[in-house]
Amino acid sequence: MKVILIFIILTGCYVLPELPDWEIPKNFASLEEALNYVKCFKYSDESTDDWNTPEETYKRGWGDCADLSLLLTHILVVKLNIDNTKVIWGYFEDDYHSWVSINNVWYEPQLGIPITTENYYQTSMYDYRSALRMAERV
């Protein structure tokens with residue numbers, strides 16, 4: 001119990017609940033709370049360009065940049081009703097990367113912070129429904 005409390009205090013992350021069905025806790029009060037929640041998922045740099053659905057990412061407890069971007073977008077659109085949310089695909093420095101635009105401010109889901117446009121290059125942008133369709137096709 002002490003180890004878990006120390007982990008929570010030091011990282012701001014908490015253990016993700018095991019839920020039997022596809023469900024995300026409904027008590028998101030703010031953008032900051034959603035960002036803090038998603039950054040607690042393990043980030044993995046997958047070698048494929050496949051996008052996973054928010055459900056798949058949630059159940060696994062980890063994802064790459066595109067997976068975490070879609071999970072954050074899902075929470076913002078479905079749970080917080082923030083409609084001006086987009087999944088962005090592009091480059092960070094020289095690598096393919098994905099992040100989220102919320103009211104034209106860019107955020108790194110795996111870090112839970114806003115980012116500047118320096119070293120980020122957008123090639124495409126998807127609203128929630130379009131990004132979800134892409135993940136479901138894979």
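The legends below describe close-up views of a predicted model.

Residues are numbered from 1 along each chain as its sequence is written. Local features need pLDDT of at least 70, side-chain atom pairs count only at pLDDT 80 or more, totals for chains, interfaces and linings use all residues, and side-chain values use heavy atoms, with hydrogens and water left out.

**View 1. Confidence along the chain.** The protein has a mean pLDDT of 82, and 78% of its residues reach 70 or more; pLDDT is the predictor's confidence in each residue, from 0 to 100. Residues 1–8 have pLDDT below 50, and this stretch has 5 contacts in the model beyond near neighbours in sequence (contact means heavy atoms within 4.5 Å). Over residues 15–21 pLDDT stays under 50, with 7 contacts beyond four places in sequence.

**View 2. The open sheet.** An open sheet of 5 strands has the order β6-β5-β4-β3-β7, with antiparallel pairing. β6 and β7 (120–127) stand at the edges with a single partner strand each, so one side of each has no neighbour in the sheet. Strands (E, at least two residues) and helices (H or I, at least four) are DSSP runs numbered from the N terminus, and two strands pair if DSSP finds at least two bridges between them. β3 (residues 85–92) is joined to β4 by 8 bridges, and these strands run antiparallel. V100 in β4 is the bridge partner of V87.

**View 3. The two hairpins.** Strand β4 (residues 95–102) and strand β5 (residues 105–108) run antiparallel and are joined by 3 bridges. S101 has W106 in β5 as its bridge partner. This hairpin of β4 and β5 has 2 residues between the strands, and N103 takes a positive phi near 50°. β5 is also joined to strand β6 (residues 113–114), by 2 bridges, and the two run antiparallel. Here P114 in β6 is the bridge partner of Y107. The hairpin of β5 and β6 has 4 residues between the strands, with G112 at a positive phi near 70°.

**View 4. Helix α2 against helix α4.** α2 (residues 31–39) packs on α4 (residues 65–79) at an angle of about 150°, with the axes 10 Å apart. Axes are lines fitted to C-alpha atoms, for helices over the stretch in contact, and angles run from 0 to 180 degrees between N-to-C directions. The angle makes α2 roughly antiparallel to α4, a label for angles over 145 degrees; those under 35 are roughly parallel, 65 to 115 roughly perpendicular and the rest oblique. L31, A34, L35, Y37 and V38 in α2 meet L68, L71, L72, I75 and L76 in α4. The contact residues comprise 10 nonpolar, no polar and no charged. Ala, Val, Leu, Ile, Met, Phe, Trp, Tyr, Cys and Pro count as nonpolar, Asp, Glu, Lys and Arg as charged, and the others, Gly among them, as polar.

**View 5. Helix α4 between sheet and helix α5.** α4 lies across β3 and β4, at about 10° to β4. The axes of α4 and α5 (residues 128–137) come within 10 Å and cross at roughly 140°. The two helices α4 and α5 are therefore oblique to each other. From α4, L70, T73, H74, V77 and V78 meet Y128, A131, L132 and A135 of α5. This contact of α4 with α5 has 7 nonpolar residues, 2 polar and no charged.
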